[in-house]
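Open the structure in your viewer and keep the selection panel at hand. The tour below goes from one selection to the next.

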Amino acid sequence: MNEIQLHDKHFEVFIPSTDILEKVAALAASIEKDYQGKNILFLSILNGAFMFSSDLMKAMRSNVEISFIKVSSYHGTNTSGRVDELIGLNSPIKGRDIIILEDIVDTGITIDKVMTLLKSSQPNSIAVCSLLYKPSAFKGKQKPNYVGFEIPDDFVVGYGLDYDQLGRNLSSIYQLKK
Ligand code: IMP
């Protein structure tokens with residue numbers, strides 16, 4: 001499937017699934033090298049990171065833990081602005097070595113929110129591993145420590161990423177047809 005249609009838009013292959021899996025294996029190897037003897041707790045950010053997280057877990061040889069989280073933002077009762085909270089975090093964080101798993105770091109806003117919320121629980125360390133990173137769109141504080149592919153600031157879908165909820169199931173990554 002070199003070309004696909006999702007809703008009204010046409011996409012073409014940008015990163016084939018074989019290249020993705022090769023990169024995921026390389027990311028797993030470099031994490032294992034850096035975290036020898038440590039008990040990593042991966043926190044995978046839903047929905048987009050589910051496929052990346054699954055393949056990365058299969059490529060890890062050491063004993064690791066994973067939990068799936070979501071960032072939600074609501075109107076607090078005592079404040080005028082919005083309040084962020086992490087949903088799904090049921091493992092104790094204090095003293096743990098955390099690696100956040102993201103499908104893509106774009107502006108970096110999501111990662112900054114997650115980092116702020118996690119730091120209050122006093123982990124031993126926090127790192128970010130993102131399959132994709134758009135350096136030219138990034139305005140955040142925390143650059144990802146592990147990156148699969150640096151890509152231009154163009155919209156992509158597939159391998160967990162969606163266009164209006166479609167395309168998450170695709171095993172390659174696609175970009176808008178030029
Ligand atoms: P950020 O907070 O701007 O870094 O973006 C985080 C979220 O925006 C990602 O986890 C994705 O869900 C979504 N996103 C950003 N860029 C793209 C894209 O090119 N395609 C699909 N989703 C994207």
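How many residues of the lining of the second largest pocket are nonpolar, how many polar and how many charged? The lining divides into four nonpolar, two polar and five charged residues. Bear in mind throughout that this is a predicted model.

**Stop 1: the second largest pocket**

Select Asn47, Gly48, Asp103, Ile104, Asp106, Lys134, Phe155, Val156, Leu161, Asp162 and Arg168, which line this pocket. Its volume is about 170 Å³. Now show the ligand: the space that the ligand takes is this second largest pocket.

**Stop 2: the ligand and its shell**

Select the residues around the ligand. There are 15 of them, and the closest are Thr107, Gly108, Thr110, Lys134 and Val156. By class, this shell holds six nonpolar, three polar and six charged residues.

Colour β6 (97-105) and α3 (109-119) next; each supplies at least two residues of the shell. The largest contribution comes from β6, with four residues.

**Stop 3**

- Val156: one of its backbone N or O atoms lies 2.6 Å from a nitrogen atom of the ligand.
- Gly108: a polar backbone atom of this residue is 2.9 Å from an oxygen atom of the ligand.
- Glu102: here the side chain takes part, with an N or O atom 3.3 Å from an oxygen atom of the ligand.

On its own the ligand has 490 Å² of accessible area, and the protein covers 79% of that area.

**Stop 4: the largest pocket**

Eight of the lining residues are nonpolar, five are polar and five are charged.

Glu102 is the residue whose side chain has an N or O atom 3.3 Å from a ligand oxygen.

**Stop 5: two backbone details**

Most residues other than glycine have a negative phi, and most peptide bonds are trans.

Go to Leu46 and Asn47, which are joined by a cis peptide bond with omega about 0°.

Finish at Tyr159, in the loop between β9 (156-157) and β10 (173-176). Tyr159 is not a glycine, yet its phi is positive, at about 50°.

Terms used. Residues are numbered from 1 along each chain as its sequence is written. This is a predicted model: local features need pLDDT of at least 70, side-chain atom pairs count only at pLDDT 80 or more; totals for chains, interfaces and linings use all residues. Side-chain values use heavy atoms; hydrogens and water are left out. A residue is near a molecule or strand if one of its heavy atoms lies within 4 Å of it. A polar contact is a pair of N or O atoms within 3.5 Å; within protein, one must be able to donate a hydrogen and the other to accept it, and residues adjacent in sequence count only if both atoms are side-chain atoms. Accessible areas come from the Shrake-Rupley method with a 1.4 Å probe; for residues, only the protein chains shown count as cover. On a 1 Å grid over the protein atoms alone, a cavity is a set of points where a 1.4 Å probe fits but cannot get out, and a pocket is an open set with protein on both sides within 12 Å along at least five of seven lines; lining residues have an atom within 4 Å of a point. A molecule sits in a cavity or pocket if more than half of its atoms lie within 2 Å of its grid points. Ala, Val, Leu, Ile, Met, Phe, Trp, Tyr, Cys and Pro count as nonpolar, Asp, Glu, Lys and Arg as charged, and the others, Gly among them, as polar. Grid points are joined across faces, edges and corners, and a volume is the space filled by probe spheres set on the points.
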